[in-house]
Amino acid sequence: MKILAIADQENQRIWSSYKPKELREPDLILSAGDLDPDYLQFCVTYARSPVFYIHGNHDERYQQKPPEGCVCVEDDIVVYQGIRILGLGGCMRYRPGAYQYTERQMRRRIRHLWLKLRSYGGFDILLTHAPAAGYHDSDDPNDRCHHGFAVFNELIEKYQPRFHIHGHIHMNYNIPAPVISQRQQTTVINASGGTVHFVYEQERAAEAASGIIQPVSDLPAFSQTEPEQSAVHIETI
Ligand SMILES: [Fe+2]
């Protein structure tokens with residue numbers, strides 16, 4: 001399954017195109033937050049796939065104008081063509097307002113998901129706005145906004161999803177984070193710098209749906225140093 005991950009910055013080349021071919025290819029589009037609701041509506045209008053989204057810290061605007069035609073997967077596990085997607089939007093609390101959480105509040109959200117996590121036997125893709133602590137995040141004590149959540153690490157280590165898609169850490173911020181990194185069998189992708197296409201192997205989706213998860217050794221390796229061998233294609237804006 002071809003998946004397009006988007007976050008934070010609207011791709012103007014796509015948005016200004018009458019027939020954006022980038023939106024015809026994916027089987028699924030995932031928005032990791034902080035995108036104009038009109039852009040998401042544009043995407044779902046021209047795509048042949050659904051658009052699943054969670055909220056970024058700037059998405060209070062969705063309360064007045066939710067992206068019509070798109071599916072909110074916040075605090076939920078949604079299964080699409082056998083792939084289980086868990087959505088947890090928001091970032092580390094740094095100011096008053098919605099879609100910001102302390103570490104304790106994020107932990108509480110995840111605790112409330114225990115029945116869904118048990119019912120679905122975990123998840124295959126973690127879709128968040130903020131990164132996990134220590135992965136693509138800021139270690140500047142004065143940059144609380146861009147700190148990652150430690151509880152995401154616990155979630156990933158316990159359920160070993162194939163992908164963690166996040167946004168929030170823009171490429172033009174002074175955070176020396178890679179776009180992709182690998183942690184055990186989870187490929188972590190920062191989608192905030194543009195559009196990121198990646199492939200989720202169909203047979204794996206079917207196995208996930210039937211509860212059979214492949215051993216780690218069978219999983220393809222992704223590496224920043226060998227992008228030509230990677231199933232992840234990044235287009236920065
Ligand atoms: Fe953000």
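These legends go with close-up views of a predicted model. Local features need pLDDT of at least 70 and side-chain atom pairs count only at pLDDT 80 or more, while totals for chains, interfaces and linings use all residues. Residues are numbered from 1 along each chain as its sequence is written.

**View A. Strand S2 and its parallel partners.** Helices (H or I, at least four residues) and strands (E, at least two) are DSSP runs, numbered from the N terminus. Two strands pair if DSSP finds at least two bridges between them. S1 (residues 2–6) runs parallel to S2 and is joined to it by 4 bridges; Ile3 has Leu28 as its bridge partner in S2. S2 and S3 are also parallel, with 3 bridges, and Ser31 is partnered by Tyr53 in S3. From S2 the chain goes through H2 to S3, a right-handed β-α-β crossover (with the strands pointing away from the viewer, the path from the first strand over the helix to the second runs clockwise).

**View B. Buried residues of S2 and H2.** Leu28 and Leu30 point one way from S2, Ile29 and Ser31 the other way, and all are buried (20 or more other C-beta atoms within 10 Å of a residue's own, with C-beta atoms placed from the backbone). In H2 (residues 37–46) the buried ones are Leu40, Phe42, Cys43 and Val44. They pack against H1 (12–15), S2 (28–31) and S3 (51–53), where contact means C-beta atoms, placed from the backbone, within 7 Å.

**View C. The six-stranded sheet.** This open, mixed sheet has 6 strands in the order S5-S6-S9-S10-S12-S11. S5 (76–80) and S11 (180–183) are its edges, each pairing on one side only.

Key. Buried ≥ 20, exposed ≤ 12 C-beta atoms within 10 Å, placed from the backbone. Contact = placed C-beta atoms within 7 Å.
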